[in-house]
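Q: Could you walk me through this structure? I would like to go one topic at a time.

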Amino acid sequence: MSSMRDRMNRLRGESTKVDIVAEETNIEFKSLAEPDQAEHPDRLSPGWAAFGVELATNETGSFLRRVTRYPMDYRHGLHALQELYAAAPGLAAFHPSEQSAAEQILFLDLETTGLGVGAGNVPFMVGIGYMSKGHFVIEQTLIRHPAEERAMLMYLAEKLQQFSFLSTYNGKTFDWPLVESRFIMNGLGRKMWEPKHLDFLHPARSIWRNTLVSCKLSHVEEERLGIERVDDVPGSLAPQLYFQYLADGNPAPLEGVFKHNETDMLSLASLAIRFGHLLNGNIEAYIPLPDEPEEMVRTGLWLERMGRKELPSQLFDLFMSIQHSKPSTLVKLAARDKKAGNWGRAVLLWQKAIIHSPTHFGPAAHEASIELAMYYEHKLKNYDSALSYVNTAFEHALHQSSLFRADTKRKAELEALRNRIARLRRKALKTI
Amino acid sequence: MIKKKTLSEIIQELRGNENIINWTEIEPQEAKAKPIPESVDPRIRSALANRGIEQLYTHQYTAYETIRKGENIVAVTPTASGKTMCYNLPVLQAIAEDDSSRALYLFPTKALAQDQKSELNEIISEMGIDIKSFTYDGDTSPAIRTIVRNVGHIVITNPDMLHSAILPHHTKWVSLFSNLKYIVIDELHTYRGVFGSHVANVIRRLKRICHFYGSNPLFICTSATIANPKELAEQLTGSPMRLIDDNGAPRGRKHFVFYNPPIVNKPLNIRKSATVEVNHLARDFLTNKIQTIIFARSRVRVEIILSHIQELVKNEIGTKSIRGYRGGYLPNQRREIEKGLRNGDILGVVSTNALELGVDIGQLQVCIMTGYPGSVASTWQQAGRAGRRHGEALILMVASNTPIDQYIVQNPEYFFDRSPESARINPENLLILVDHVRCAAYELPFKKDEPFGLLEITDILEYLTEERVLTHAGDTFYWANLAFPASEVSLRSAAQENVVIIDQTEAANVKIIGEMDRFSAMTLLHDEAIYLHEGVQHQVEKLDWEHKKAYVRKVDVEYYTDANLAVKLKVLATDRTENKRSSAIHYGDVVVNAMPTLFKKIRLSSFENIGYGPINLPEEELHTSATWIELKEIDPAIETKTQEQLLLGIANVLKHIVPIHVMCDRSDIHVVSQIRAEHTQLPTIFIYDHYPGGIGLAEDVYKRFDEVKEAARKLIRKCPCEDGCPSCIGTEIEGLNVKLMSVQLLSQL
């Protein structure tokens, strides 16, 4: 045991038991299994070849690389990779006034040593995927130690320039800022590539927020892309496996990380296909119609936000034909209709929202009552009907506040209802 | 209605008060000024002219010219002498000349940073130059953060934020670090002890990052008066400094008055409580609508005084206009109090040394200190709160029964002639250093043989590699760990986890009302403790030590609580020894085990003990540095029991003397006596740093023990009591000449 550790343990008041454990791991640690590596960076230990990893070098140094080529007819879950050609133009909706083609998209996913985008979080593996010469190519680079990072980034930097779209899952906040940070850390400059981002986490959240328990990629792909992972190493385990490799030099456990990252890349492509089809308006032709009413509405609303205003009517009509929908979904579409001036359907949706609410009340029914009251008051000038809606809302709100502690928000709500009732009564009196 | 008395009238009345034992008048000083240098941009010049500034005070002038020459400076200036100009002028000038210039301002607290931003933005708007200055702290919204990073010319923050948010994410701050011209460190003197030792390491990290981006900023420091501003600034920044202390600001007349409460128990030499006297003195000022600040040493004392004064003046002025102020209040509460003081809504404030710092509370007329604040520097800082700008001001120091208070008020020359204390830091404390090497390695890899500051740290890098925190490849050590190290390191306190205080008086409205460091919580938030918050008594119903939560409920009782701490000491290694004829002094490593044992309930009105209870908390262990003095020969005629009491008495005196000689808080250094030390069985007095690994205080005592010893002897001899009292050695021992024996024993050490 080093004297430094001895001193540190004493200062921290740690018992000597800890030291014994530490010493055992230390023995293991010292038997670094890739002893050659420092002296012969161009030599690759044989364990890597077992899963197709090769040595790559450039003028800056060396790193490892695995290239996997998938034929176009390869099916990953519901979709075949070649669908990307048809789907890709739709993705231009992410960046209006741009054209997008399958060959321009670079898919990217990192495996990192830590969390967040702090300066000490190192992407030890960079996975990229792209269409090339009739194949979907997945290139995964790995560094055997941090000193190889610069060479790997140089390689990546060169590769990036060939593409104009960057497709990720949460890459806007994580993967891409981290890559940019690594460029800076390695003295490779800032803003060396300014891609048009396609971050699929955002549409995934817009559409599945309430229908899926989680919007994690592994969950989305299982529930919506028909992908089933077998013996997957969870991404959260990747850092530990890599640290273990740094300590013992044994490549074998990293095969699982390569596999996991590769699947992520394929799933990214599948998501691109799905969202591309959606944006192209090819909803029934290539992808199944959503089963859940909530998803239909949310998909429609997302398409509208993406500038595909003509597309959702089919989804909304389908939604209207469903007998039982959640009141919260009904008022969501109603709000959209109100904005669009589609009053007929909006009124219908609000009425449905009240009817479908248990005991005819809840937050959605409350909203619907008030919206209907406003509609009757301002559009139809029918103050009596308006009053009856507000009164119901008020009674329920009052009942509600007697059950729960009245916070300021609730108090303000009740106050607003009282005012509305008073105003409607005045108006009703005048018209008599 | 009775006419209100003016401050001058009250001062006249006070002159006849028999309890006043020293009255020193500090003469007003005329301004010393020089013309604004030619090089200053005309836009800045006209903005200054708009505020009536046509000239610079001498220290401001020298600061500006020295910085322009490319030297780091530390400017020592008393409160309200226009110190901000010392850094704002060169910084604004640099940005006016080159828009790409950047500056980083560090303030010890968020509140000071907010103040500075308002002041700075006022001047900038008058200048008509597009200079963007922002605060960057925990309250800054994410949207603003991006703007601050990319376009902020002046980023105003605190060391904690720099440590945990800025440095670990330096790649987002490229424009700041690439163009950083100036680093401003205000309130330099606050960076001492553990906090200062941490900050010195944060600055080592900051300089490393600047170097990486190719900038080489100058440091501009400002400090209150301390003995070693240049040394401290150089230690903290690792850069050579030019000292600027030619203060040219004008000053009004100040009356500095020492007030010693009358003796109420002659044989025991017990004086009337300082707290009670302060309450009555304060009432006089407050009821005459004279804005007054009252300082007290502890949080508990603040609350006690606050509730008493509120009670005393409740018929004449609203209790809302008398407020408390201390750490543990929530920030918005503090902001509200500061504002109230500035605009006059609040007439009086009772504060801990939290208001010693430059928080802007405007000009107060009277400052009352409940007891000696503990250091000459701190006393001047607190005194500076009165009469910052206008004419006459009164500063009253009311002595308590403690030995040092009595010593100070009875030897006024000690205070007035003495140069203030030195501020000490120990950036090399191993625990602190290793913490920051971890953080630094996270930020940028370390080349083998790369120094940290000027320090050779290969052994630490190797240790961290063994611990699998770093990995070694080629000639470089890289971070290789899942953790985010900055979040595991707190700059402020030895105990990293604070105890949260939860008020559950109303079942429907359970709320957090404050927090407290772990060590203080052991003695202040144990089960059944009476905890005072804003003058309101709360009883601790349950201290959940494991989850660091204290559940309290409002109560109204006639007592407060005071906890006892049992301490065990073991020597681990002796580094230095000096043998004397019949004693020896050593310096080395010790392990201290502390455990709170019981608490007493003390009646508020009479301070008598009215009950007690046990405290059940786990033992805390501390490895630290200590100086200890052992007696190798003892007069066999003295009984063991007497010896024990003599040692206790001397320890009591040292407890008070040592902190003023090494400039630290009383809680930073502890004194413990043992009749038979575990390792030698000899009578021994231990003086140890209350921080793991030590921060250099005990070492300082070792070096200067003769000086400390002399002060202790003088204190005992000069004490007017007959034979021992709480103001010196503690208690009297029946029929013995204890004072003489103590002095003899001290001479033997």
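Q: How many residues does the contact take from chain B and from chain A?
A: The contact takes 31 residues from chain B and 29 residues from chain A. Two residues are in contact if their C-beta atoms, placed from the backbone, lie within 7 Å. This is a predicted model, in which local features need pLDDT of at least 70, side-chain atom pairs count only at pLDDT 80 or more, and totals for chains, interfaces and linings use all residues. Residues are numbered from 1 along each chain as its sequence is written, while chains are lettered from A and ligands numbered from 1 in the order in which they are written.

Q: In what order do the strands of the open sheet in chain B lie?
A: Three strands form this sheet in the order 19-21-20, with antiparallel pairing. Strand 19 (446-447) and strand 20 of chain B are at the edges with a single partner strand each, so one side of each has no neighbour in the sheet. Strands 20 and 21 of chain B pair over four bridges; two strands pair if DSSP finds at least two bridges between them. B:Leu470 has B:Trp479, in strand 21 of chain B, as its bridge partner.

Q: What about B:Asp449: where does it lie?
A: B:Asp449 lies in the loop between strand 19 and helix 18 of chain B. Its phi is near 70°, a positive value in a residue other than glycine. Most residues other than glycine have a negative phi.

Q: Is B:Asp449 buried or exposed?
A: B:Asp449 is exposed, with 10 other C-beta atoms within 10 Å. A residue is buried if 20 or more other C-beta atoms lie within 10 Å of its own, exposed if 12 or fewer, and partly exposed in between, with C-beta atoms placed from the backbone.

Q: Changing topic, why is strand 31 of chain B called largely enclosed?
A: Six of the six residues of strand 31 (residues 669-674) of chain B are buried, so the strand is largely enclosed by the rest of the structure. B:Ile669, B:Val671 and B:Ser673 are buried on one side, and B:His670, B:Val672 and B:Gln674 on the other. Six bridges join strand 31 to strand 32 (residues 684-689) of chain B, and the two run antiparallel.

Q: Which residues have the most contacts inside the largest nonpolar core?
A: They are A:Ala272, B:Leu525 and B:Ile687, in a core of 295 residues. A nonpolar core is a set of buried Ala, Val, Leu, Ile, Met, Phe, Trp, Tyr and Cys residues joined through C-beta atoms within 7 Å. Helix 10 (residues 254-280) of chain A provides the largest share of this core, 13 residues.
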